[in-house]
Structures are given as structure tokens and as C-alpha cells.
Amino acid sequence: MLVLAGCDRVTQAPAKPAEKRLAMPSKDQDLVVLIRNGATSFFVDAESKYAGPEYDLVRQFAEAQGWHIKLVVTPNQAEMVQRLARGEAHMAVGMTRRGDAGMHVSQEYARMQPVVVVRDDAEAPARLTDLEDKIWVSPAVEPAMSTLQAKAPKARFIVDNDYDDEALIERVASGLIDYAVVDQRAADAAQNFYPDVAIAFMVGQPLNAAWMWADASDTTLGPLVDAHLSKIRKSGALSKLFDRYYGYSLRLETADASEFLTQRITTLPKLKKYFVEAEASYGIDWRLLAALAYQESHWDKHATSPYGVRGIMMLTNDTANRMGVHDRLDPRQSILGGAKYLSMLKSSLSDKIVEPDRTWFTLAAYNIGTAHLEDARVLAQKQKKNPSLWEDVKQVLPLLREPEHYENLKFGFARGGEAVVFVENLRSYYDILVRFEAPVKPIFPPFDDKVTVANPAGLKLGIDASGRKPQPASATPQK
């Protein structure tokens, strides 16, 4: 734990230039990268795969150079700098520190805006100077500490490496702490999981994220990094990557998130066994099926629409017959039938659509049908977008209701905008369930000969909220 409070200030020793650095990797050798665990950087997702914006960025970079990658999970930026100085890694990602001796940083590619979060039923401070208590600060925005201390000299700011942004927000929600300073992106996303936590105000200027390495390797690594970051920025790939992780997080209204969290406690337990049975039969995460059912019917087994769809999974009579569902109002039959139909839709999609986009396309097809979805993919291609990326296709789906577009498509008019809302809301519900409901199978990322992960502190890397807390020191580190 690093504590900064008036005369209690603890400073890090300046990093010394590495006496011995790692050699630049050759083809198929490892690029060793320091990375933090957290929802805005690197984690194991609901599909038991490594994910996160920083992970995606650095993996794309390594693949472009023909390298494999070894990630070393490191709890904070100060330790990252020390490890770089000792020559233990080629570079560190997601760095907002500047001015460390012997270190070089890339061009900036993302912004982290520090914000103060509080419970929305508490009397929120109006400005930083109003803070006088203990304030916990996320390791992600640790470089904002100097600004915090200067503007709130009576407060005691604490960085605890055991708690990332989401874990601190959870502690605010539970009343264990009054305030926390976190990255705004994490605060926005977490409002779906903790709707009783609100942003009080922003703190200072945004912190610009960059990659860092020792100066000694600047002549080789630096130009490669900057060329890659420039390329993905100009191509739009960078904005699409961030849209994948944050583009849907603010879709839900606070009241909708609160109602869903309530229904998770009161209604979901009565239906969970059917969702788990459906996962066993069709291989679809039971939490995704539960999110789909909630988006369709709010888990109301008697739900009926004016268009004749009925039951928890809101099946048409024709679809129910094809799936072998004899009673659409029977929860078990409806859930199994809906899961079977979703599995068939997924299998029918083009092989060019890969995960996680394949799941989002499947859900869109469940809502709008595969025919209209294919029309949207054709339209995306005409507009020089990628027809196999959800971030691109969701931009053109709303155009299916405009005559100048649908008149030139095979299947005509469709309410494509509704399909986008359907999928994006569903993704938010799914995220909530992933954080609060355990998977049927333990999370073990599949073997990947191009990616290895060293986790010296033995942190549990799962995306679920319980995974944000560290394992006991005796736990076996994840390799």
C-alpha cells in the first residue's frame, strides 16, 4: 500500500537505467510486457478468454511484428517502472506516469479522466477542496496523486494495489468507504452494476495513456510502437477497439439496472436451473441465455406481445414448433427452445464472423432475423465497412428503415435500430450477470502458444466482481 498524506508522503526511488536489458525478440520469440489487471486493461472474460483494451492493443502489436507475447501482471505503475529499469520486460502498457529517469514513452492513445465517486444517497462533496477524509485512489489513476494532495491538503489519499477501479466502486457501494478516485470509463461502466454509486466531479485534467520502455531500446522498439499506434489510429481500428469495450456501457437507464439487480435476487433463482440445463445441452453460457430472456420478457413466463410471440424467450408459434416447444408458457420448454434456436442461428452465420462479434450478430439475428441481418452486412460492405464486425454493422442497421437504403436490399424494410438497442441492452444485462453469478465451469483460459501470462502476485484475473480481490499469498499463481 502506498500512502500519501502531508508529512506521511512516501516516495519511490528514482528508476535507474537498466544495466542489462532484454534483447529484442526475433520472430516467434516473446515480447515481455508489463500489464495491470482490471476491466479497463486486462482480465479473463466470461468466455474464459484473455481480454481487455490494453491486452488487445499489445497483442495486435506483437502479432504485427511476428512475435509471441508474455504478459507479466503487475499491480501498479511504480512497480512497472522499477521492473523496466531492472531489465525484466521490454515495455509496460497503460502508463500515465511521465518523467521517470531512463524511461521513454510512446505517443498517447487513450485518456483516463480521474473522477471522485460516492454513494448517490450521500451528501456529495462539491469540489476536491471539500475532501478531508481518507480517500482511496485506483492504481490506474495513481499519477493524479500530486494534484489530489495539492488541492485537498486535509485529505489522506491511499493507493491500495489490491483494489482496482471496479473493486473500489464496489466498496463505495457497500458503504465500506465513502469516496474513491477512479477512471471515468470504469465509473461509467460500473453504474450498471452499482447504480447507487454516482460520479461527484472530475479531478484535474485527463491522464494520457502510453506505452513505456527503457531508453536503451528506443532506437529499435520505439519506432515500431509509434508506427503501429499511428496506423491503427488512422485506420479507425483504435476507436473500434474502445467501442467494443465501452460503446454500450451507458445504454441502460439507472432505473433499469436497479430493477434488473432486484429481479436477479427475486426471480432468477427460480429459473436458473433451466438456464443451466440449456447451457449443458447447447453450449451457450447460461448467463447469456438469462440476459436474453430478461431482455425479451423480464423473466415473465406469461409475457405476450401484440405480434403473437409468447413466453420467457418470446418465441413465435412457428419457431416454437420447429424447436419442439409444445407449451410456450412453460418456462423450461421456452428456455430450452430459445437456446436451441439461438444455437442454430449462430451456426448459420458466416465463418468470417468470429467471437466475440459472432455472439452479438447471433443476438441481433434472434431479434431481427438472419435475412435482415444479412442485408445489413451487405449495406455495411457497400459503405466500405467490415461486414463481420459488430461495431461496423450496428452503425448501418438503423438504415434498414430508410427507403433510400432498404429499397435496394433483398429483404426490404426492417426496424434495424431496435435490433441495436436489443443487443446493446442485452450486453449490459449479461455483464451484470457475469460479475455477480458464477459460471457453471471454472474459468481457465485455453492454451495459446502465442500468449503466456505470468501472475507473480497470484491475482484472480476473472472479470467477475469477486475476482477483483486478491487470492491468499499461498495461492498458486496462474501461469
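A: Phe 61, Trp 67, Tyr 109 and Trp 211 form one aromatic cluster. Rings of Phe, Tyr and Trp (for Trp, its six-membered ring) count as a pair if their centres lie within 6.5 Å; planes under 30 degrees apart are called stacked, over 60 edge-to-face, and the rest tilted. A word on the background: this is a predicted model, where local features need pLDDT of at least 70 and side-chain atom pairs count only at pLDDT 80 or more, while totals for chains, interfaces and linings use all residues. Residues are numbered from 1 along each chain as its sequence is written, and side-chain values use heavy atoms, leaving out hydrogens and water.

Altogether, the structure holds 18 aromatic pairs.

(Buried means under 20% relative accessible area, exposed over 50%, and partly exposed in between, using a 1.4 Å probe and protein chains only.)

Another edge-to-face pair joins Phe 260 and Tyr 294, with ring centres 4.7 Å apart and planes at 75°. Here too, distant parts of the chain are linked: Phe 260 belongs to helix α8 (residues 254-266) and Tyr 294 to helix α10, 34 residues apart. Phe 260 is buried at 0% relative accessibility, and Tyr 294 is buried at 1%.

Now follow the chain through these helices. The axes of α8 and α9 come within 6 Å and cross at roughly 75°, which makes α8 roughly perpendicular to α9. Axes are lines fitted to C-alpha atoms, for helices over the stretch in contact, and angles run from 0 to 180 degrees between N-to-C directions; under 35 degrees is roughly parallel, over 145 roughly antiparallel, 65 to 115 roughly perpendicular, and the rest oblique. In this contact (heavy atoms within 4.5 Å), Gln 263, Arg 264, Ile 265 and Thr 266 of α8 meet Leu 268, Pro 269 and Lys 270 of α9.

Next, α9 (residues 268-282) packs against α10 (residues 286-297) at about 125°, with the axes 8 Å apart, and that makes α9 oblique to α10. On the α9 side, Leu 268, Lys 272, Phe 275, Val 276, Ala 278 and Glu 279 take part; on the α10 side, Trp 286, Leu 289, Ala 290 and Ala 293 do.

Phi of His 298 is near 55°, a positive value in a residue other than glycine, and His 298 is partly exposed, with a relative accessible area of 43%. Met 314 has its place in the loop between α10 and α11 too; its phi is near 50°, again positive in a residue other than glycine, but Met 314 is buried, at 12%.

Notes
Helices (H or I, at least four residues) and strands (E, at least two) are DSSP runs, numbered from the N terminus.
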